[in-house]
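Biologist: Could you walk me through this one? I'd like to start with the strands and then go over to the ligand.

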Amino acid sequence: MALSEFKLDIDTDGIATATFDMPGKSMNVWNEKAIADFSDIVDQFVSDAAIKGLVVTSGKDSFCAGADLTMLALMKHRVEGIARQKGEQAAKRALFEDVGRLGGIFRKMETAKKPVVAAITGTALGGGLEVCLAAHRRIAADNPKTKLGLPEVKVGLIPGAGGTQRLPRMISAQDALQIVIQGQELRLEKALAMKIVDEVVPAKKLIETAKAWIKANPTASQPWDQDKFKLPGGPVYSAGGMQMWPAANAIYRRETYDNYPAAKAILQAMYEGLLMPFDLALRIEARYFAYAVSTPEAAAMIRSLFVSMGELNKGARRPADIKPTKFKSVGVIGAGFMGAGIAHVTAKAGIDVILVDRDQESADKGKASIQKTLDEQVMKGRLKMDDRNALLARITTSADYAALSGVDLVVEAVFESRDVKKDVTEKTEAAIRRNVVFASNTSTLPITSLAKNFKRQKDFIGIHFFSPVDKMLLVEIIMGKKTGPKALAVALDYVKAIKKTPIVVNDTRGFFANRCVGNYVREGHIMLAEGVPPAMIETLAKMAGMPVGPLSLNDEVAIDLAWKILQATKADLGEKAVDPRQEKLLEEMVIKRGRLGRKNAMGFYDYPKGGKKTLWPGLAEICPPKPAESFDRDELMKRFLVVQAVEAVRCVEEVVVTDMREADVGSILGFGFAPFTGGVISYVDQMGAENFLALCEYYTKKYGKRFKPPKLLAEMAAKGETFYGRFQQAAQKAAA
Ligand code: NAD
């Protein structure tokens, strides 16, 4: 047996230890070879009477991150080949057999009538947790970084190696369903409390505890393989079951609006599986897996949220010939809402921060707001006091630019005013070393124009964070006309250090993300003006796949900000650049009624103290609603997505975005564009340029020129091209 991904040791007591340890990788994942290795190990475990028990563990401080999803592409290729040669039915059978393979190995392991212990060194996700669930006991090392979960749904899949069947047979179906359908990742304490993990021991004692358990339990079998087994949450057909399953169905629809076939497949696999004996239940799961993996939603989500996001995180756009920067200290100027957030995430990454504001008091106020956030996390048990103290100790506040003399990078987040930014940039340049990159977090001012305040324009770049900084995963890096490759490399190294996902875009008003999401919010405003009832606007937007309605979103980012941006656009580009209906609505809200959004508890919603927000009834005075029946529901839903996607196409045409992966990943992480579509560009590609063009033309005629299709789209429609087909190869070649 030539193992490469696993090591196998058998001790003098006949206890075998299979150690998952992929050479040269920081994480273990199930790929073809790892599965083959493990299959050989299980065969030997089953057939060799001298082996009394098996410990499955990892040689790394994480256990296993799940399956290597690129394997699915190979599987798809193989299945398509069979479909061509032997027909659809044979292809379906081959797919079913393929997807059940890993689960079959686990089943063989747990029914060997010999004890198996999962000795969990750290994070175990997806197929990594599923092998643990197939063990007779789960013992975890006390690793604070450990996360356990079945996150397959997040890329449009379902757990396919027994996860949907073992978990609800170990804990209640209700808890299991929640964990799997939301793709939750549990911390160790929670997993222990829920009895997903049996025991937590010091890392040094992990293997010895596992072996001791094996010796004490020579004939272990799973509860579900025992005659008197009862489901922990009670049978499906019981009073409890009748309370749970219909409600689960309703919650599923409320949370997903039926946009996620995998979430539905999880619900079905669990429900139907729990009515069946275990082996049949596994076949049911495999069927639903085979279905989920064949959906366009899974293909789109895997490409954007797994493959592309992974590539961007690894620095796909980084100029390769520039030495990586290690950041010891970063200067953040402006300790307001964004500056404090940026200081927080930087210090969290172990980097020292010099936080500068116009006076000491303002700088200290910024640090105090970080302290408040951390204290809340400590109170909730999410952060250790020592870590809180260490993070705060890394942040030094100052009003003196001289404090920036040793920093490796500066990020500016002062008021959105050209004059203030000019003053701050000049003062900073005089204080920092002569090779340090300067980044602006501006959201509206072109980087090229701000760079003029800095003598070394090649070292000036935009690093645009999204709010709230600690939660939002995306960072938009903006290249000014004169920004050089070193600045790009430094910015990408920084974004990687703080563990966010970067996209690199060229300079334009609103950059990429805000251009698209601005259109979304404006569409909500225009619908209001058309008389669409506000509740209908909010609900239809969510049904279309957006995480929050446009009115809610505008309340969060502030309505006066939308008003200011609209006025600035009008001043720079003229009357015609703004929609008069939107201007009238915003003027009414902001100027006449002082409704600024959540920040003053008055926006499109009311925010009663201690209560739930409700739509503001006064909206009916400004925009009298028409009956809901007078609107075409599907058309309104599509408008939300089309108006964003057409802006993304304009960004491609204007060379603001050059890499389709960035447009897709950026749209999902930056503004929550319907994730099941794979992002703005995948949305268009899946529909086809011709269909999208027709939709844009129809909407232009009916609703106005904001839907006007760019020339590029007509050209692509005529040639039958896709965005990935036309642009992606060239973009990846240029980046390589
Ligand atoms: P803010 O008003 O909360 O903070 C601005 C900070 O800058 C304040 O602490 C202020 O004291 C400080 N400041 C003002 N003049 C200064 C000077 N001369 N020297 C040093 N410090 C000075 O604003 P914010 O929302 O944090 O926005 C900051 C920047 O981030 C803006 O450019 C904004 O466009 C951008 N941005 C904001 C958001 C957002 O959602 N708020 C999102 C992305 C980018």
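Modeller: A definition first: helices (H or I, at least four residues) and strands (E, at least two) are DSSP runs, numbered from the N terminus, and two strands pair if DSSP finds at least two bridges between them. This is a predicted model, in which local features need pLDDT of at least 70, side-chain atom pairs count only at pLDDT 80 or more, and totals for chains, interfaces and linings use all residues. Residues are numbered from 1 along each chain as its sequence is written, and side-chain values use heavy atoms, with hydrogens and water left out.

Biologist: OK, what is the bridge partner of Gly149 in β8?

Modeller: The partner is Glu185; β7, residues 147-149, and β8 pair in the antiparallel sense over three bridges.

Biologist: And what order do the strands of that open sheet have?

Modeller: The order is β5-β7-β8, with mixed pairing, and the edge strands, each pairing on one side only, are β5 (124-125) and β8 (185-187).

Biologist: Switching to the ligand, how many residues surround it?

Modeller: Counting residues with a heavy atom within 4 Å of the ligand, there are 21, and the closest are Met338, Asp357, Glu416, Lys421 and Ser443.

Biologist: Which polar contacts are there?

Modeller: Taking pairs of N or O atoms within 3.5 Å, an N or O atom in the side chain of Asp357 is 2.7 Å from a ligand oxygen, while a polar side-chain atom of Arg358 lies 3.1 Å from an oxygen atom of the ligand.

Biologist: Which element gives the largest share of the shell?

Modeller: That is α17, with three residues.

Notes
Polar contact = N/O pair within 3.5 Å; in protein donor to acceptor, adjacent residues only side chain to side chain.
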